[in-house]
Amino acid sequence: MTSFWARLRADSLGALDAALAHLAPAAALPALRRGLVQVDFTALLGVPEAADRVRAFAARRPDVLSTWVPQCHPGAPQYDTLGRFATPPDCTACVFYRGRACQGLGAERVPFGGLTATDAPPALQALPPERDLHALTAEDFTGSRPVCYWRPERAHIAAIGAAVRAAGGTLWDLGAGNGFLAALLARDEGLSVTAIDQLDTYPAPAGVARRVGDVRAVVSATDAARPAAVCISWPPGGDGFRDVVQRLRPAVLVLAYDAEGFCGRRRGHAEVEVDAGGARWFTHAADDFAGLRGLPRRACWSVTTHQDVVRGRSGGSGVLEIRSRAPLSLVVDHPLDPYPWEGSKTPR
Ligand code: SF4
């Protein structure tokens, strides 16, 4: 076992201490590479010591353990400025939950399971200025710290470009975030790229069309115009947008994902539920990214990642795949100028 997702339930500080004590041996395993500690704060809401305990537990091994404290809980990093906008314990009505900025009190097995596929996110720009995410700037394309979950190199972009051009040249980037990857593909490969993301904080990069909204809602509203290719970087935990891929049936699928288990279930990734009574373990037999019928993997690279689930950690390990219906020729017959960040030791 090299990674786990632990879900803790406790109705008192004593029970929380006991649950954390049950989890401690697993968290101390030398071979552990990732541990996600999800605490159900429902019965502990408003008890600052609960947040302290959980954070102190994760701080034992800050390189591998990750957790979160709800925005409305005293002790959350932005509680003083953002807590007043929350509506605990009614998470499904909360602006942070509906905007997928807070996963709730920690009771859900499926992140954001209280939202339907067509729930529109709220206007996040209405929140205080300090909540704003920064938009793309020229520096993002020329500096040594690209703002991207995985660090694309020029050769990766060229290979994706060759694959997508062969299929027709149109690509939808699902969950595109700030549009950085989409912008590179449009600028350097001339692809017709649409960036789809629920965040409306970012402007559309030059040469890229942007659709703001929940990916599934946007895709179902645009049935008529299907892209030749789909790109997914860092699918949300567990589902990987597989249903969207099956609906769109692209000729080419570009996937980038965490190689260590956080953004989708994979072999060897165990889940554990812990409470004062003990621990129950679950392991998933299937790799969420395996078995995409009709889209065999044609090319695969190890890529450098930035994993914001583990605060401060970057330079992690990811995988970039190109899958396609037809065999691909990814040979690039012209020289490629490396991007400025290639060779940088500090991706963001
Ligand atoms: S989603 Fe729930 S836990 Fe998160 S801030 Fe809102 S009310 Fe609090």
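Ala182 touches Asp173, Ala176, Val193, Ala195, Pro205 and Val208, leaving aside residues up to four places away in sequence. That makes a handy way into this predicted model. Ala182 is also among the residues with the most contacts inside the largest nonpolar core, together with Leu174, Leu185, Ala229, Val230 and Val252. This core has 46 residues, and the element that gives the most to it is α7, with seven residues. A second, separate core has 31 residues, including Ala6, Ala50, Ala51 and Phe57.

**The chain as a whole**

Stepping back, the chain has 348 residues, of which 39% count as buried. Its secondary structure comes to nine helices and 12 strands. Take the contacts between residues at least 6 apart in sequence: 67% of these join residues at least 24 apart.

**A helix pair**

Helix α7 (residues 180-189) also packs with helix α6 (residues 154-167). The angle between them is about 75°, and their axes lie 10 Å apart. Since angles of 65 to 115 degrees count as roughly perpendicular, α6 and α7 are therefore roughly perpendicular to each other. The table shows who takes part on each side.

| Helix | Residues in the contact |
|---|---|
| α6 | Ile157, Ala158, Ile160, Gly161 |
| α7 | Leu184, Leu185, Asp188, Glu189 |

By type, the residues of this contact divide into five nonpolar, one polar and two charged. Leu185, one of the α7 residues here, is also among those with the most contacts inside the largest core.

**Two backbone details to look at**

Most residues other than glycine have a negative phi, and most peptide bonds are trans. The peptide bond from Pro88 to Pro89 is cis, with omega near 0°. Pro89 sits in the loop between α3 (79-82) and α4 (95-98).

The other place is Arg249, a residue other than glycine whose phi is positive, near 45°. Arg249 belongs to the loop between α9 (242-248) and β8 (252-258). Is Arg249 buried or exposed? Arg249 has 12 C-beta neighbours inside 10 Å, so this residue counts as exposed, the cut-off for that class being 12 or fewer.

Notes
Residues numbered from 1 in each chain as written. Predicted model: local features only at pLDDT ≥ 70, side-chain atom pairs only at ≥ 80, totals over all residues. Axes fitted to C-alpha atoms, helices over the stretch in contact; angles between N-to-C directions. Helix = DSSP H or I, 4+ residues; strand = E, 2+ residues; numbered from the N terminus. Parallel < 35°, antiparallel > 145°, perpendicular 65-115°, else oblique. Contact = placed C-beta atoms within 7 Å. Nonpolar A, V, L, I, M, F, W, Y, C, P; charged D, E, K, R; others polar. Buried ≥ 20, exposed ≤ 12 C-beta atoms within 10 Å, placed from the backbone. Core = buried A, V, L, I, M, F, W, Y, C linked by C-beta atoms within 7 Å.
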